[in-house]
Amino acid sequence: MSKAQRQSRLDPLWSSLPAAALVGFFVLVPLAIFAVYSILTSRLFEVSGPVTTRNFSDALRSNLNRSLSRNSAEIGLLAAVFSVGLALPMAFWMRHGAKRARAIVMFAVVASFMTGYLVRIYAFRTVLGTSGVINTVLLRLGIVDHPVEALLFSRISVTVALVHIFLPYATITLFAAMAPLSTSYLEAAEDLGANARQRWSRLIAPIMFAPALSTFVLVFVLSASDYVTPQFLGGTNGATIGTQVQVAFTGAGDFGAGAAVSMLMLVAFMICYAVGVGVPRLLGLGRLRFMS
Amino acid sequence: MRLKLIVLGGEGEKLADDGKVGGTVNFLSWEGYDLPDPLKDWRAANNINVATTFIGNHDDIQAKIKTGGAASGYDIITYYQGYKNLYTELDILTQIDESKVPNLKNLFPYFASDIGGYWTKGGVRTGVPFTFGAQGLTYDSAAMSELPSWYDLLDPKFKGKVGMVDDATGVLTMGCHLLGLDPGTLKKADLPKVVDLTKKFVAQTRGVSASYGDLTQQLVSGEIQAIYIGWAAVNSFAATAGKTTVTTSLPKEGAYSFCDSFAIPSTAKNVASVLSWINAVMDPKVNAAAAVGLVGGTTVKNAVPLLDDATRSLYPYDDLDGFLAKAPFYPNPPVDSTEFVTGTEWKQAWGELKQSAGG
């Protein structure tokens, strides 16, 4: 191997070292601390020996944890289904149909990032509330006699807010993933007699399956672990499992319980990620490559 | 050279410092409790700069101090009387040198006493009460009439119109009060009674809220009409937001009261300035301004004539003892106990209760 070849192999290694060091320090070290906490005995903001599995067994046996995990999964699934379901056609339209409007639409999508998270949550209260915009319109049109209370402090409001928050992420991710899907493929399919439905089912869907699934997993994980939106918009059954981690660490001072729930959440999300990566491979979709 | 000593000890241990008033005071408590306006002159006169860390939940105080340790450097905190035992257990509180706070003589006899051991115990002072209040029933008088009883909130017509803050301590203390039980010595067998009663009130809500600020927003927008375990300060918050019809009453069953005290945590460095701060707040003029700003009660007797009419009418100062008998101060549940419900069991019960009430 020549010196130049060795140099070109080493360059990426050196250049990635700062990022690797940052990830190691700010992600892996805290994770290791959590892992240690989760197997130690806790008592009021302290952990100490002996090593125990009780934090995990308590966390797994807890009816409250199971109920909150179910809430998290349902909220995450709803948000992911609607986010990806809306983002996919939107990203396709931006890539292949928007033409000159693309820049404007892209600006609108990016602009939504610039609005504060809590501001958006409170904005939904004024839109979905009993005296909000939607109920006012419904009442004035005579469609309902009384304000629809189910719009706010319910799964509906949480899902709508989370979709609004994560739709831009999903749209931009899928828009980028569609870059190699050139118009010539679509034209070739059309020339070969494929109608719109066939183009979607036999060309676009197989190619976009893997990135769509990755986006789905991303939105699911972020939504299921979010406990702020459900707290403000979710009603009495809107709490998620993340709340338990917060309560354990700040309220009860039970570091072991909080760490154990965190580690279990991490395992659950890693399984989701593995499914997201593994399913396309099992279906043979991971081998699909675009011709350049 | 004098040695600056930080004692990470428990209740009763004194902190020493260089004795000079001035510099930066690191404040950790609720927004507003730093009393920026009432203490404006004192700050200017002593060249004090206040670095504030505001909390969203009382539990943030012990979490920040215990996880941050001495390096966190918080000089002054406040604590609700119910937290006294927990903070003692956690070695957060230090002894306050009463000789450096001559204005302690201004306290009402009740707050100068060692009732409950909340502020002084065994001759050791760990807190100086500066404001108090009763958790009444806050409601929008434009939407409903005053309710004589807390149980009236369970009327089906208020379904979905009641707000509640996500506060395990407050909600279950109120449940205990209504059942004639003491949350500090609640027998484990009695917990289901408190949970069952509280569940009925939670079922009247459309969700528990993160804060009183959040509940105020719901009152102002008309989403809710009343708050189970309200707070007189919400009247003021709502008025500021344009809704002047929000008021707070005390139903016939009474309620529980809260008393917040300034304290010096074991992380404090600028002790002399904190002692001076506390002494300044015991000044009638400063304490009256604090009570008006916080829409709360004053703990300083000579501050009463200095209150505005609205603030003075909040509490009957001519019969404070009688009022506090109807709306008493309670301790929180113990940290460990085989006989009584502990704080951890309490929080667990609240978490499960919220879930089950939501169906």
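Predicted model: local features only at pLDDT ≥ 70, side-chain atom pairs only at ≥ 80, totals over all residues.

Biologist: OK, how many residues of chain B are in contact with chain A?

Modeller: On the chain B side it's 33 residues, and they touch 29 residues of chain A. The two chains bury about 2,500 Å² between them, with 52% of that on carbon and sulfur atoms.

Biologist: Which residues in chain B lose the most area to chain A?

Modeller: Those are B:Arg206, B:Glu223 and B:Gln355, which together make up 27% of what that side buries.

Biologist: And how many salt bridges are there between chain B and chain A?

Modeller: The count is 4. One of the salt bridges joins the side chains of B:Lys161 and A:Glu149, at 3.7 Å from N to O. There are also 9 residue pairs in polar contact across the interface.

Biologist: Which element gives the largest share of the chain B side?

Modeller: That's α13(B), with 7 residues.

Biologist: Switching to rings: how many aromatic pairs over all chains?

Modeller: 34 aromatic pairs. Among them, A:Phe45 and A:Phe255 are edge-to-face, 5.8 Å centre to centre with 90° between the planes.

Biologist: Where do those two sit in the chain?

Modeller: A:Phe45 is in the loop between β1 and β2 of chain A, while A:Phe255 is in helix α12, 210 residues apart.

Biologist: Are A:Phe45 and A:Phe255 buried or exposed?

Modeller: Both are buried.

Biologist: What sits over the ring of A:Phe175?

Modeller: The charged end of A:Arg95, 4.0 Å from the ring centre.

Technical notes. Residues numbered from 1 in each chain as written. Chains lettered and ligands numbered in written order. Heavy atoms only, no water. Phe/Tyr/Trp six-rings, centres within 6.5 Å; stacked < 30°, edge-to-face > 60°. Helix = DSSP H or I, 4+ residues; strand = E, 2+ residues; numbered from the N terminus. Buried < 20%, exposed > 50% of the residue type's maximum accessible area, 1.4 Å probe, protein only. Lys NZ or Arg CZ within 6 Å of the ring centre and 35° of its normal. Contact = heavy atoms within 4.5 Å. Buried area = accessible area lost by both parts, 1.4 Å probe. Polar contact = N/O pair within 3.5 Å; in protein donor to acceptor, adjacent residues only side chain to side chain.
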